[in-house]
Structures are given as C-alpha cells and as structure tokens.
Amino acid sequence: MPPQRALERDRPLRLGVMASGEGSNFEALVMACRAGQLPAEVTMLVVNREHCGALARAERLGIPAELIDHRSQPSREALDREIVARFRSASVDLVVMAGWMRIVTEVLLEAYPDRLINIHPSLLPSFRGAKAIEQALEAGVRISGCSAHLVALEVDSGPILVQAAVPVLENDSAQTLAERIHEQEHRILPLAVQLAAQRLGLLPGAAS
Ligand code: GRF
C-alpha cells in the first residue's frame with residue numbers, strides 16, 4: 001500500500017536508512033531531522049555488517065537498528081526481501097541508501113518506487129562504482145563532488161535529485177578529497193530527501 005500523502009498523515013514522514021560503513025551520512029540525516037531542517041524522522045537503520053560505524057552511531061543516537069548479514073542470505077533478492085520486511089514493519093515511507101555497499105534488486109525498487117535514494121561521492125554520471133574518489137583522482141579532474149539520486153537497477157544511476165561540486169586540490173589524497181566530499185554529502189542528502197518527498201506529495205512544498 002503506498003504511503004499516505006502529507007495532509008492525510010498524522011505522523012511525521014518516516015525514513016529508513018541502509019548503511020554498511022561509517023554512517024556519517026546516516027548521522028547527518030538524523031541531525032537534520034532533529035534540528036527541524038527536514039520534517040521527518042529516521043525510524044530505522046538497517047546494516048549488513050556487525051562491526052560498522054553506523055551501528056555504533058545508531059546506538060548512541062537512540063535509533064532502532066537491525067543487522068541483516070548479507071552472508072546469511074541465499075541471494076541478493078532474499079536480502080532485499082528481509083530489508084523490505086523490516087522497513088514495512090516500521091511503516092517506513094522513504095528509504096535512503098547512505099553508504100550501502102550491496103547491489104540492490106527489483107525487490108527493493110518495487111517495494112519503494114521513487115522512494116529509494118542513494119548518495120554517491122562523484123558528480124554522476126562520472127565515476128560510478130565503489131572507487132569513485134580514487135577514479136576521480138586518477139582521471140585528474142579539477143572538480144569533483146557528490147550526487148544524491150533516485151535509485152534505478154543499474155548501479156549508481158537514476159534521476160539526480162541534488163549535486164554539489166568540490167575542488168580537487170593539487171596535493172589531495174583519497175582521504176582529503178573524501179573529507180571535502182563528505183561535508184557536502186551531509187548537506188545535500190537531507191535536501192534530496194525533502195525534494196523526493198515533495199515530488200511524491202509526502203511533504204508539502206513546491207514539487208517539480
Ligand atoms: C559516502 O561517501 C557515500 O557517498 C558512499 O559511501 C560513503 C558513505 O559514508 N556511497 P558514510 O558511511 O556515510 O560515512
């Protein structure tokens with residue numbers, strides 16, 4: 001059943017977040033909600049690795065978290081079915097992949113059509129995949145950045161919601177460039193969630 005529209009809902013927009021790593025984007029979303037910058041709440045975190053920073057952050061922030069180890073699942077589809085089941089049980093309206101390092105399937109896309117957002121550390125469509133920052137350095141680009149986009153089946157593709165550019169400096173390492181990009185990711189991800197929700201009529205405001 002599709003999520004109710006904003007004016008019919010008597011509760012805030014509920015976000016589910018998927019993370020595999022540090023979880024700094026997850027925390028940025030939680031803080032944007034708590035600061036009132038994003039009229040939503042992060043209802044549940046799903047992680048696929050027990051020892052990831054995101055899980056520790058969830059504990060510190062008091063956000064319910066579920067561990068679904070991908071190695072315990074027979075297929076990508078089975079993993080996605082588990083994720084959908086957890087998010088459905090938490091009445092999640094919109095899902096954010098914030099450093100989710102697994103390839104998703106139709107199972108997730110069909111459960112959350114136009115409601116699945118990814119954050120990626122490059123100016124898409126350049127430098128798709130898991131080594132985007134290293135690829136940008138190797139290519140010698142002078143400007144890189146990050147993209148928040150709706151998820152499509154092909155990895156790191158789908159309609160772009162918000163992008164931010166950052167300069168690549170002469171002596172940048174993957175780490176220093178990543179830090180500069182992360183700052184912008186934390187800024188644009190809440191904006192992208194708001195925009196996607198407005199387009200769906202899940203939040204009031206200008207939809208385009
Ligand atoms: C971010 O750079 C994001 O673009 C990419 O994975 C990284 C996750 O960082 N998909 P964090 O776990 O949110 O700190």
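Colleague: Before I look at single residues, what makes two strands pair, and how are helices and strands assigned here?

Modeller: Two strands pair if DSSP finds at least two bridges between them; helices (H or I, at least four residues) and strands (E, at least two) are DSSP runs, numbered from the N terminus. This is a predicted model, in which local features need pLDDT of at least 70 and side-chain atom pairs count only at pLDDT 80 or more, whereas totals for chains, interfaces and linings use all residues. Residues are numbered from 1 along each chain as its sequence is written, and side-chain values use heavy atoms, with hydrogens and water left out.

Colleague: Which residue stands opposite Leu94 in E4, and how many bridges join E1 to E4?

Modeller: Leu15 is the residue opposite Leu94, and strand E1 (residues 13–19) runs parallel to E4, with four bridges joining the two. E4 is also joined to strand E5 (residues 116–120) by three bridges, again in parallel, and there Val95 stands opposite Leu116.

Colleague: How should I read the two faces of E4, and are its side chains buried or exposed?

Modeller: In a regular strand the side chains alternate between the two faces of the sheet. Buried means under 20% relative accessible area, exposed over 50%, and partly exposed in between, using a 1.4 Å probe and protein chains only. In strand E4 (residues 94–97), Leu94 and Val96 on one side are buried, as are Val95 and Met97 on the other, and both faces are therefore covered.

Colleague: What unit do E4, helix H4 and E5 make?

Modeller: A crossover is right-handed if, with the strands pointing away from the viewer, the path from the first strand over the helix to the second runs clockwise. E4, helix H4 (residues 106–111) and E5 make a β-α-β unit of this right-handed kind.

Colleague: Which residues surround the ligand, and where are its polar contacts to the backbone?

Modeller: A residue is near a molecule or strand if one of its heavy atoms lies within 4 Å of it, and the residues surrounding the ligand include Gly21, Glu22, Asn25, His120, His182 and Glu185. A polar contact is a pair of N or O atoms within 3.5 Å; within protein, one must be able to donate a hydrogen and the other to accept it, and residues adjacent in sequence count only if both atoms are side-chain atoms. A ligand oxygen lies 2.7 Å from a polar backbone atom of Gly23, a ligand nitrogen lies 2.9 Å from one of Ile119, and an oxygen of the ligand is 3.3 Å from one of Pro121. Taken alone, the ligand exposes 360 Å², of which the protein buries 86% (Shrake-Rupley method, 1.4 Å probe; for residues, only the protein chains shown count as cover).

Colleague: How many salt bridges does a search of the whole structure find, and which parts does the Glu27 and Arg57 pair link?

Modeller: A salt bridge is a side-chain nitrogen of Lys or Arg within 4 Å of a carboxyl oxygen of Asp or Glu, and the search finds 11. Glu27 and Arg57 meet at 2.8 Å, N to O, and the pair links distant parts of the chain, helix H1 (residues 24–34) and helix H2 (residues 53–61), 30 residues apart. Glu27 is buried, at 14% relative accessible area, and a network of salt bridges links Glu22, Glu27, Arg57 and Arg60.
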